[in-house]
Amino acid sequence: MAMRQTPLTCSGHTRPVVDLAFSGITPYGYFLISACKDGKPMLRQGDTGDWIGTFLGHKGAVWGATLNKDATKAATAAADFTAKVWDAVSGDELMTLAHKHIVKTVDFTQDSNSLLTGGQDKLLRIYDLNKPEAEPKEISGHTSGIKKALWCSEDKQILSADDKTVRLWDHATMTEVKSLNFNMSVSSMEYIPEGEILVITYGRSIAFHSAVSLDPIKSFEAPATINSASLHPEKEFLVAGGEDFKLYKYDYNSGEELESYKGHFGPIHCVRFSPDGELYASGSEDGTLRLWQTVVGKTYGLWKCVLPEEDSGELAKPKIGFPETTEEEIEEIASENSDCIYPSAPDVKA
Amino acid sequence: MQTPVTIPVPVLRLPRGPDGFSRGFAPDGRRAPLRPEVPEIQECPIAQESLEFQEQRARAALRERYLRSLLAMVGRQVSFTLHEGVRVAAHFGATDLDVVNFYVSQLQTPIGVQAEALLRCSDIISYTFKP
(Lines give C-alpha, C1' and ligand atoms only; values in the text may rest on other atoms or scores of the structure.)
Protein backbone atom coordinates (compact mmCIF):
# COMPACT_ATOMS: atom_id res chain seq x y z
CA MET A 1 0.00 0.00 0.00
CA ALA A 2 1.48 3.34 -1.04
CA MET A 3 2.31 5.83 1.68
CA ARG A 4 1.57 9.53 1.50
CA GLN A 5 3.96 12.11 2.95
CA THR A 6 2.94 13.44 6.36
CA PRO A 7 4.73 16.73 6.96
CA LEU A 8 5.37 17.69 10.58
CA THR A 9 4.42 21.28 11.27
CA CYS A 10 6.47 23.21 13.81
CA SER A 11 4.53 26.17 15.10
CA GLY A 12 5.62 28.93 17.43
CA HIS A 13 6.69 31.75 15.16
CA THR A 14 4.17 34.53 14.57
CA ARG A 15 5.64 35.97 11.37
CA PRO A 16 7.27 34.64 8.20
CA VAL A 17 10.20 32.25 8.61
CA VAL A 18 12.92 33.57 6.30
CA ASP A 19 15.95 31.39 6.98
CA LEU A 20 16.81 28.09 8.59
CA ALA A 21 19.97 26.09 9.17
CA PHE A 22 20.93 22.68 10.54
CA SER A 23 23.95 21.98 12.71
CA GLY A 24 26.26 19.06 12.04
CA ILE A 25 25.60 15.70 13.65
CA THR A 26 26.53 15.89 17.35
CA PRO A 27 26.48 13.26 20.10
CA TYR A 28 23.07 14.72 21.03
CA GLY A 29 21.64 14.45 17.54
CA TYR A 30 21.41 17.44 15.23
CA PHE A 31 19.69 20.76 15.65
CA LEU A 32 17.80 23.29 13.62
CA ILE A 33 17.66 27.07 13.98
CA SER A 34 14.99 29.22 12.33
CA ALA A 35 15.16 32.95 11.60
CA CYS A 36 11.88 34.82 11.73
CA LYS A 37 10.60 38.31 11.10
CA ASP A 38 9.20 38.27 14.65
CA GLY A 39 12.77 38.80 15.88
CA LYS A 40 12.81 35.61 17.95
CA PRO A 41 14.93 32.87 16.36
CA MET A 42 14.23 29.40 17.72
CA LEU A 43 16.35 26.33 18.30
CA ARG A 44 14.74 22.95 17.69
CA GLN A 45 15.78 19.34 17.90
CA GLY A 46 16.55 18.53 14.25
CA ASP A 47 15.01 15.08 13.87
CA THR A 48 11.73 15.77 15.68
CA GLY A 49 11.18 19.51 15.35
CA ASP A 50 10.66 19.79 19.12
CA TRP A 51 11.25 23.31 20.37
CA ILE A 52 14.26 23.65 22.64
CA GLY A 53 14.47 27.39 23.20
CA THR A 54 14.08 30.89 21.79
CA PHE A 55 16.97 33.33 21.51
CA LEU A 56 15.67 36.59 22.97
CA GLY A 57 17.41 39.87 22.41
CA HIS A 58 17.05 41.12 18.86
CA LYS A 59 14.96 44.24 18.37
CA GLY A 60 14.06 43.65 14.76
CA ALA A 61 13.31 40.99 12.18
CA VAL A 62 15.95 38.26 12.10
CA TRP A 63 17.00 37.66 8.50
CA GLY A 64 19.68 35.01 8.90
CA ALA A 65 20.54 32.33 11.43
CA THR A 66 23.15 29.63 11.64
CA LEU A 67 24.59 27.07 14.05
CA ASN A 68 28.18 25.98 14.37
CA LYS A 69 29.05 22.37 13.61
CA ASP A 70 28.55 20.97 17.11
CA ALA A 71 25.55 23.21 17.86
CA THR A 72 27.20 24.85 20.84
CA LYS A 73 26.98 28.31 19.30
CA ALA A 74 24.37 30.10 17.22
CA ALA A 75 24.64 33.30 15.23
CA THR A 76 21.85 35.52 13.96
CA ALA A 77 21.64 38.50 11.58
CA ALA A 78 18.91 41.08 12.11
CA ALA A 79 17.24 44.24 10.92
CA ASP A 80 18.31 45.98 14.14
CA PHE A 81 21.73 46.46 12.48
CA THR A 82 23.38 43.80 14.65
CA ALA A 83 24.58 40.26 14.37
CA LYS A 84 24.53 38.30 17.62
CA VAL A 85 26.40 35.23 18.77
CA TRP A 86 24.62 32.99 21.27
CA ASP A 87 25.41 30.06 23.52
CA ALA A 88 23.17 27.42 21.96
CA VAL A 89 23.11 25.28 25.11
CA SER A 90 22.00 27.92 27.61
CA GLY A 91 20.34 30.37 25.20
CA ASP A 92 22.42 33.26 26.54
CA GLU A 93 23.63 36.05 24.30
CA LEU A 94 27.43 35.96 24.05
CA MET A 95 28.16 38.99 21.89
CA THR A 96 26.49 41.71 19.86
CA LEU A 97 28.33 42.86 16.72
CA ALA A 98 27.20 46.29 15.61
CA HIS A 99 26.83 47.00 11.88
CA LYS A 100 25.90 50.08 9.88
CA HIS A 101 22.81 48.61 8.23
CA ILE A 102 20.51 45.57 8.21
CA VAL A 103 22.52 42.35 8.54
CA LYS A 104 21.24 39.51 6.35
CA THR A 105 23.65 36.60 6.64
CA VAL A 106 26.02 34.95 9.12
CA ASP A 107 28.30 31.91 8.85
CA PHE A 108 30.78 30.24 11.27
CA THR A 109 34.08 28.76 10.17
CA GLN A 110 34.56 25.03 10.78
CA ASP A 111 36.47 25.71 14.00
CA SER A 112 33.92 28.34 15.18
CA ASN A 113 36.70 30.86 15.66
CA SER A 114 35.53 33.31 13.02
CA LEU A 115 32.15 34.66 11.95
CA LEU A 116 31.40 35.99 8.47
CA THR A 117 28.61 38.58 8.17
CA GLY A 118 27.04 40.42 5.26
CA GLY A 119 24.12 42.75 4.75
CA GLN A 120 22.68 45.88 3.27
CA ASP A 121 25.83 47.92 3.80
CA LYS A 122 27.39 45.81 0.99
CA LEU A 123 30.41 44.83 3.09
CA LEU A 124 31.57 41.39 4.10
CA ARG A 125 32.93 41.35 7.62
CA ILE A 126 35.04 38.71 9.34
CA TYR A 127 34.99 38.76 13.14
CA ASP A 128 37.49 36.96 15.33
CA LEU A 129 35.21 35.47 17.97
CA ASN A 130 38.06 35.19 20.43
CA LYS A 131 38.55 38.97 20.22
CA PRO A 132 35.04 40.40 19.74
CA GLU A 133 36.03 43.99 20.59
CA ALA A 134 38.61 44.02 17.82
CA GLU A 135 37.55 45.61 14.54
CA PRO A 136 36.42 43.06 11.95
CA LYS A 137 38.26 42.61 8.67
CA GLU A 138 36.16 44.11 5.87
CA ILE A 139 35.85 43.13 2.21
CA SER A 140 34.19 45.60 -0.12
CA GLY A 141 33.24 45.18 -3.74
CA HIS A 142 29.58 44.32 -3.83
CA THR A 143 27.42 46.96 -5.48
CA SER A 144 24.12 45.88 -3.93
CA GLY A 145 23.08 44.47 -0.56
CA ILE A 146 24.60 41.10 0.31
CA LYS A 147 21.97 38.37 0.71
CA LYS A 148 24.14 35.39 1.57
CA ALA A 149 27.77 34.86 2.51
CA LEU A 150 29.37 31.46 3.10
CA TRP A 151 32.79 30.07 3.92
CA CYS A 152 34.00 27.45 1.43
CA SER A 153 37.02 25.34 0.50
CA GLU A 154 37.82 24.64 4.16
CA ASP A 155 37.34 28.31 5.07
CA LYS A 156 40.07 29.37 2.64
CA GLN A 157 37.56 31.09 0.40
CA ILE A 158 34.31 33.05 0.75
CA LEU A 159 31.25 32.92 -1.48
CA SER A 160 28.85 35.84 -1.39
CA ALA A 161 25.68 36.67 -3.29
CA ASP A 162 24.10 40.04 -3.81
CA ASP A 163 21.13 40.86 -6.00
CA LYS A 164 22.62 39.92 -9.38
CA THR A 165 26.09 38.53 -8.73
CA VAL A 166 27.80 35.70 -6.91
CA ARG A 167 31.42 36.37 -6.00
CA LEU A 168 34.27 34.17 -4.84
CA TRP A 169 36.92 35.74 -2.57
CA ASP A 170 40.21 34.50 -1.26
CA HIS A 171 40.25 34.69 2.55
CA ALA A 172 43.98 35.27 3.00
CA THR A 173 44.33 38.10 0.48
CA MET A 174 40.73 39.42 0.91
CA THR A 175 40.47 39.90 -2.84
CA GLU A 176 37.95 38.78 -5.43
CA VAL A 177 38.90 35.65 -7.37
CA LYS A 178 35.93 35.28 -9.69
CA SER A 179 32.35 36.40 -10.13
CA LEU A 180 29.17 35.26 -11.84
CA ASN A 181 26.56 37.65 -13.22
CA PHE A 182 22.87 36.92 -13.45
CA ASN A 183 20.15 38.87 -15.20
CA MET A 184 17.65 37.84 -12.54
CA SER A 185 17.71 38.30 -8.80
CA VAL A 186 19.60 35.54 -6.96
CA SER A 187 17.24 34.22 -4.31
CA SER A 188 19.42 31.72 -2.46
CA MET A 189 22.75 29.94 -2.29
CA GLU A 190 23.84 26.71 -0.59
CA TYR A 191 27.35 25.27 -0.36
CA ILE A 192 28.01 21.51 -0.25
CA PRO A 193 31.58 20.88 0.99
CA GLU A 194 31.74 17.26 -0.19
CA GLY A 195 32.17 17.73 -3.89
CA GLU A 196 32.53 21.53 -3.66
CA ILE A 197 29.12 22.21 -5.16
CA LEU A 198 27.30 25.52 -5.06
CA VAL A 199 23.49 25.55 -5.41
CA ILE A 200 22.10 28.88 -6.66
CA THR A 201 18.46 29.74 -7.28
CA TYR A 202 17.22 32.60 -9.44
CA GLY A 203 13.86 33.04 -11.14
CA ARG A 204 12.58 29.52 -11.82
CA SER A 205 16.09 28.13 -12.18
CA ILE A 206 17.99 25.89 -9.80
CA ALA A 207 21.64 25.97 -10.88
CA PHE A 208 24.64 23.93 -9.74
CA HIS A 209 28.14 25.36 -10.03
CA SER A 210 31.58 24.32 -8.91
CA ALA A 211 32.35 26.18 -5.70
CA VAL A 212 36.03 26.30 -6.63
CA SER A 213 35.85 27.62 -10.19
CA LEU A 214 32.20 28.82 -10.32
CA ASP A 215 31.89 26.90 -13.60
CA PRO A 216 28.34 25.70 -14.25
CA ILE A 217 27.61 21.99 -13.76
CA LYS A 218 23.90 21.77 -14.58
CA SER A 219 20.61 23.55 -14.00
CA PHE A 220 16.90 22.72 -13.82
CA GLU A 221 13.77 24.80 -14.36
CA ALA A 222 10.90 24.58 -11.90
CA PRO A 223 7.23 25.33 -12.62
CA ALA A 224 7.30 28.44 -10.43
CA THR A 225 9.70 31.06 -9.04
CA ILE A 226 12.01 29.30 -6.60
CA ASN A 227 13.24 30.98 -3.43
CA SER A 228 15.46 28.24 -2.06
CA ALA A 229 16.83 24.82 -2.95
CA SER A 230 18.92 22.18 -1.19
CA LEU A 231 20.95 19.24 -2.44
CA HIS A 232 20.83 15.91 -0.58
CA PRO A 233 24.16 14.97 1.11
CA GLU A 234 24.44 11.90 -1.11
CA LYS A 235 23.56 14.02 -4.14
CA GLU A 236 20.68 11.82 -5.21
CA PHE A 237 17.91 14.37 -4.77
CA LEU A 238 17.33 18.03 -4.49
CA VAL A 239 14.37 19.87 -3.03
CA ALA A 240 13.18 23.34 -3.89
CA GLY A 241 10.37 25.63 -2.83
CA GLY A 242 9.13 29.06 -3.83
CA GLU A 243 6.26 31.30 -4.69
CA ASP A 244 3.60 28.68 -5.50
CA PHE A 245 3.71 27.36 -1.89
CA LYS A 246 4.78 23.89 -3.09
CA LEU A 247 7.89 21.85 -2.41
CA TYR A 248 9.43 20.07 -5.38
CA LYS A 249 11.71 17.04 -5.22
CA TYR A 250 13.94 16.27 -8.20
CA ASP A 251 16.33 13.49 -9.09
CA TYR A 252 19.70 15.27 -9.21
CA ASN A 253 21.14 13.02 -11.90
CA SER A 254 18.27 13.03 -14.37
CA GLY A 255 16.51 16.26 -13.48
CA GLU A 256 13.19 14.41 -13.33
CA GLU A 257 10.58 15.89 -11.02
CA LEU A 258 9.84 13.07 -8.57
CA GLU A 259 7.29 14.63 -6.22
CA SER A 260 5.63 17.88 -5.36
CA TYR A 261 4.01 18.59 -2.03
CA LYS A 262 1.39 21.09 -1.02
CA GLY A 263 1.07 22.02 2.60
CA HIS A 264 2.33 25.50 3.24
CA PHE A 265 -0.10 28.41 3.18
CA GLY A 266 2.38 30.90 1.88
CA PRO A 267 5.51 31.18 -0.28
CA ILE A 268 8.42 29.01 0.86
CA HIS A 269 11.47 31.07 1.76
CA CYS A 270 14.00 28.43 2.74
CA VAL A 271 14.55 24.67 2.38
CA ARG A 272 17.39 22.61 3.77
CA PHE A 273 18.25 18.92 4.00
CA SER A 274 19.24 17.60 7.41
CA PRO A 275 22.90 16.58 7.75
CA ASP A 276 21.97 12.87 7.56
CA GLY A 277 19.70 13.46 4.55
CA GLU A 278 16.74 11.69 6.17
CA LEU A 279 14.51 14.74 6.20
CA TYR A 280 14.30 18.29 4.90
CA ALA A 281 12.85 21.37 6.53
CA SER A 282 11.00 24.23 4.85
CA GLY A 283 10.25 27.69 6.24
CA SER A 284 7.41 29.76 4.90
CA GLU A 285 5.67 33.13 4.82
CA ASP A 286 2.89 31.36 6.75
CA GLY A 287 5.06 31.41 9.87
CA THR A 288 5.62 27.67 10.10
CA LEU A 289 8.46 25.25 9.58
CA ARG A 290 7.60 21.87 8.15
CA LEU A 291 9.67 18.70 8.26
CA TRP A 292 9.37 16.29 5.34
CA GLN A 293 10.67 12.75 4.98
CA THR A 294 13.16 12.04 2.22
CA VAL A 295 12.02 8.43 2.01
CA VAL A 296 8.28 8.48 2.63
CA GLY A 297 7.14 5.75 4.98
CA LYS A 298 10.50 5.10 6.63
CA THR A 299 10.61 4.96 10.41
CA TYR A 300 12.59 7.99 11.54
CA GLY A 301 12.16 10.67 14.16
CA LEU A 302 8.46 11.02 14.76
CA TRP A 303 7.45 9.09 11.65
CA LYS A 304 6.61 5.48 12.39
CA CYS A 305 6.22 2.92 9.63
CA VAL A 306 3.27 0.66 10.25
CA LEU A 307 2.24 -2.18 8.00
CA PRO A 308 -1.55 -2.42 7.71
CA GLU A 309 -3.41 -5.65 8.61
CA GLU A 310 -4.15 -7.75 5.55
CA ASP A 311 -7.95 -8.33 5.84
CA SER A 312 -9.40 -5.26 7.43
CA GLY A 313 -9.81 -1.95 5.70
CA GLU A 314 -8.75 -0.21 8.91
CA LEU A 315 -5.25 0.90 9.67
CA ALA A 316 -3.26 -0.94 12.32
CA LYS A 317 -2.56 0.82 15.55
CA PRO A 318 1.07 1.88 15.91
CA LYS A 319 3.14 -0.46 18.08
CA ILE A 320 4.11 1.02 21.44
CA GLY A 321 7.54 0.18 22.83
CA PHE A 322 9.53 1.79 20.11
CA PRO A 323 13.13 0.60 20.61
CA GLU A 324 15.06 3.78 19.83
CA THR A 325 13.31 6.10 22.22
CA THR A 326 14.45 9.52 23.21
CA GLU A 327 13.94 10.50 26.82
CA GLU A 328 10.36 11.55 26.06
CA GLU A 329 7.63 9.05 26.70
CA ILE A 330 5.69 7.74 23.79
CA GLU A 331 2.07 8.32 24.65
CA GLU A 332 -0.59 6.01 23.44
CA ILE A 333 -1.66 8.07 20.53
CA ALA A 334 -3.78 5.61 18.63
CA SER A 335 -7.11 7.09 19.62
CA GLU A 336 -5.86 10.63 20.11
CA ASN A 337 -4.33 10.97 16.68
CA SER A 338 -6.59 8.78 14.64
CA ASP A 339 -8.95 11.62 13.90
CA CYS A 340 -6.41 13.87 12.30
CA ILE A 341 -3.73 11.51 11.03
CA TYR A 342 -5.62 8.42 9.87
CA PRO A 343 -8.57 9.12 7.60
CA SER A 344 -11.06 6.30 7.87
CA ALA A 345 -11.93 6.45 4.20
CA PRO A 346 -9.68 7.30 1.29
CA ASP A 347 -11.86 10.15 0.09
CA VAL A 348 -11.97 12.08 3.35
CA LYS A 349 -10.97 15.64 2.59
CA ALA A 350 -7.88 17.02 4.27
CA MET B 1 -9.70 4.59 -13.57
CA GLN B 2 -9.02 4.39 -9.85
CA THR B 3 -6.25 6.38 -8.29
CA PRO B 4 -4.16 4.20 -5.95
CA VAL B 5 -5.25 4.42 -2.31
CA THR B 6 -2.53 5.98 -0.22
CA ILE B 7 -2.22 6.04 3.54
CA PRO B 8 -0.57 9.02 5.19
CA VAL B 9 2.58 8.02 7.07
CA PRO B 10 1.66 7.60 10.73
CA VAL B 11 3.37 9.78 13.32
CA LEU B 12 3.98 9.17 16.99
CA ARG B 13 3.00 12.72 17.91
CA LEU B 14 3.38 16.25 16.59
CA PRO B 15 6.51 18.32 17.26
CA ARG B 16 6.37 20.12 20.59
CA GLY B 17 6.05 23.88 20.40
CA PRO B 18 7.20 26.64 22.74
CA ASP B 19 5.85 26.36 26.28
CA GLY B 20 4.53 29.91 26.13
CA PHE B 21 6.00 31.12 29.38
CA SER B 22 9.76 30.71 29.21
CA ARG B 23 12.51 31.01 26.63
CA GLY B 24 13.34 27.31 27.00
CA PHE B 25 16.84 25.78 27.07
CA ALA B 26 15.76 23.53 29.98
CA PRO B 27 18.41 23.38 32.72
CA ASP B 28 17.87 19.64 32.98
CA GLY B 29 17.87 19.13 29.22
CA ARG B 30 19.90 16.61 27.27
CA ARG B 31 22.84 18.95 26.85
CA ALA B 32 22.95 20.28 30.41
CA PRO B 33 26.51 18.96 31.06
CA LEU B 34 27.73 21.24 28.25
CA ARG B 35 26.39 24.33 30.00
CA PRO B 36 29.13 26.86 30.83
CA GLU B 37 29.86 27.29 34.55
CA VAL B 38 28.53 30.52 36.07
CA PRO B 39 31.47 32.36 37.69
CA GLU B 40 31.17 33.12 41.42
CA ILE B 41 30.30 36.70 42.26
CA GLN B 42 33.35 38.20 43.92
CA GLU B 43 32.09 41.69 44.79
CA CYS B 44 31.09 42.77 48.27
CA PRO B 45 27.57 41.39 48.78
CA ILE B 46 26.20 44.51 50.51
CA ALA B 47 27.15 46.89 47.70
CA GLN B 48 25.79 44.35 45.20
CA GLU B 49 22.47 44.23 47.04
CA SER B 50 22.05 47.98 47.09
CA LEU B 51 22.60 48.19 43.33
CA GLU B 52 20.11 45.41 42.71
CA PHE B 53 17.64 46.98 45.12
CA GLN B 54 17.86 50.31 43.29
CA GLU B 55 17.38 48.62 39.93
CA GLN B 56 14.37 46.73 41.22
CA ARG B 57 12.84 49.92 42.58
CA ALA B 58 13.34 51.64 39.24
CA ARG B 59 11.74 48.68 37.46
CA ALA B 60 8.76 48.77 39.81
CA ALA B 61 8.30 52.50 39.30
CA LEU B 62 8.46 52.21 35.53
CA ARG B 63 5.98 49.33 35.53
CA GLU B 64 3.58 51.23 37.72
CA ARG B 65 3.76 54.19 35.34
CA TYR B 66 3.07 51.93 32.39
CA LEU B 67 0.09 50.27 34.07
CA ARG B 68 -1.32 53.67 34.98
CA SER B 69 -0.92 54.76 31.36
CA LEU B 70 -2.97 51.74 30.32
CA LEU B 71 -5.67 52.72 32.82
CA ALA B 72 -5.70 56.23 31.41
CA MET B 73 -6.27 54.81 27.93
CA VAL B 74 -9.46 52.94 28.76
CA GLY B 75 -12.38 54.12 26.66
CA ARG B 76 -10.27 56.49 24.59
CA GLN B 77 -9.58 56.58 20.88
CA VAL B 78 -6.12 55.09 20.27
CA SER B 79 -4.19 55.06 17.02
CA PHE B 80 -2.04 51.92 16.45
CA THR B 81 0.85 51.57 14.04
CA LEU B 82 1.14 47.95 12.93
CA HIS B 83 3.57 46.11 10.66
CA GLU B 84 3.84 46.83 6.96
CA GLY B 85 2.88 50.47 7.44
CA VAL B 86 -0.67 49.72 8.52
CA ARG B 87 -2.38 52.23 10.83
CA VAL B 88 -5.65 51.51 12.59
CA ALA B 89 -7.68 53.38 15.17
CA ALA B 90 -9.92 51.95 17.86
CA HIS B 91 -11.40 52.46 21.30
CA PHE B 92 -9.15 50.86 23.84
CA GLY B 93 -10.79 48.38 26.20
CA ALA B 94 -8.20 46.43 28.17
CA THR B 95 -5.10 44.27 27.97
CA ASP B 96 -4.58 40.83 29.43
CA LEU B 97 -2.28 40.16 32.40
CA ASP B 98 0.94 39.77 30.42
CA VAL B 99 0.02 42.53 27.94
CA VAL B 100 -0.02 40.03 25.09
CA ASN B 101 -3.32 41.15 23.57
CA PHE B 102 -5.16 44.47 23.44
CA TYR B 103 -8.92 44.24 23.58
CA VAL B 104 -10.41 47.04 21.49
CA SER B 105 -13.78 48.03 20.08
CA GLN B 106 -14.84 49.91 16.95
CA LEU B 107 -11.60 49.00 15.21
CA GLN B 108 -11.32 51.01 11.99
CA THR B 109 -9.56 48.85 9.44
CA PRO B 110 -8.94 49.39 5.71
CA ILE B 111 -11.70 46.84 5.05
CA GLY B 112 -14.32 48.14 7.45
CA VAL B 113 -15.13 48.74 11.11
CA GLN B 114 -14.85 45.74 13.46
CA ALA B 115 -17.13 46.04 16.48
CA GLU B 116 -14.86 44.07 18.84
CA ALA B 117 -11.32 42.87 18.23
CA LEU B 118 -8.16 41.59 19.84
CA LEU B 119 -4.90 43.08 18.64
CA ARG B 120 -1.80 40.95 19.25
CA CYS B 121 0.91 42.93 20.97
CA SER B 122 3.53 41.38 18.74
CA ASP B 123 1.76 42.97 15.76
CA ILE B 124 1.83 46.47 17.28
CA ILE B 125 4.87 48.64 16.68
CA SER B 126 3.55 51.70 18.54
CA TYR B 127 0.36 53.34 19.68
CA THR B 128 -0.60 56.87 20.59
CA PHE B 129 -3.53 58.57 22.27
CA LYS B 130 -4.51 61.92 23.71
CA PRO B 131 -5.69 61.74 27.33
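**Figure 1. Area buried between chain A and chain B in the predicted model.** Chain A and chain B bury about 4,200 Å² between them. Carbon and sulfur atoms account for 62% of this area. On the chain A side, Y28(A), W51(A) and V89(A) supply 17% of the area that chain A buries against chain B, more than any other three residues. The contact draws 58 residues from chain A, and 28 residues come from chain B.

**Figure 2. Salt bridge between R13(B) and D50(A).** The closest N and O atoms of R13(B) and D50(A) are 2.7 Å apart in the predicted model. The count of salt bridges between chain A and chain B is 4, and the pair R13(B) and D50(A) is one of them.

**Figure 3. Polar contacts and the side of chain A that touches chain B.** Between the two chains, 18 residue pairs are in polar contact, with both residues at pLDDT 80 or more. Four strands of chain A each supply at least two residues of the side that touches chain B: β1 (2-4), β2 (8-10), β5 (42-45) and β6 (51-54). By residue class, this side of chain A holds 29 nonpolar, 18 polar and 11 charged residues.

**Figure 4. Strand pairing across the two chains.** Within β1(B), I7(B) is the bridge partner of M3(A). The strand β1 (2-4) of chain A is also among those that supply at least two residues of the side touching chain B.

**Figure 5. Chain A.** Chain A contains 1 helix and 29 strands. Of its 350 residues, 56% count as buried. For contacts in chain A between residues at least 6 apart in sequence, 41% join residues at least 24 apart.

**Figure 6. Chain B.** Chain B contains 1 helix and 6 strands. Along the sequence, the elements of chain B follow the pattern β-α-β-β-β-β-β. Chain B has 131 residues, and buried residues make up 21% of them. For contacts in chain B between residues at least 6 apart in sequence, 32% join residues at least 24 apart.

Notes: Residues are numbered from 1 along each chain as its sequence is written. Chains are lettered from A and ligands numbered from 1 in the order in which they are written. This is a predicted model: local features need pLDDT of at least 70, side-chain atom pairs count only at pLDDT 80 or more; totals for chains, interfaces and linings use all residues. Side-chain values use heavy atoms; hydrogens and water are left out. Contact means heavy atoms within 4.5 Å. Buried area is the accessible area (1.4 Å probe) that two parts lose on being put together, summed over both. A salt bridge is a side-chain nitrogen of Lys or Arg within 4 Å of a carboxyl oxygen of Asp or Glu. A polar contact is a pair of N or O atoms within 3.5 Å; within protein, one must be able to donate a hydrogen and the other to accept it, and residues adjacent in sequence count only if both atoms are side-chain atoms. Ala, Val, Leu, Ile, Met, Phe, Trp, Tyr, Cys and Pro count as nonpolar, Asp, Glu, Lys and Arg as charged, and the others, Gly among them, as polar. Two strands pair if DSSP finds at least two bridges between them. Buried means under 20% relative accessible area, exposed over 50%, partly exposed in between (1.4 Å probe, protein chains only).
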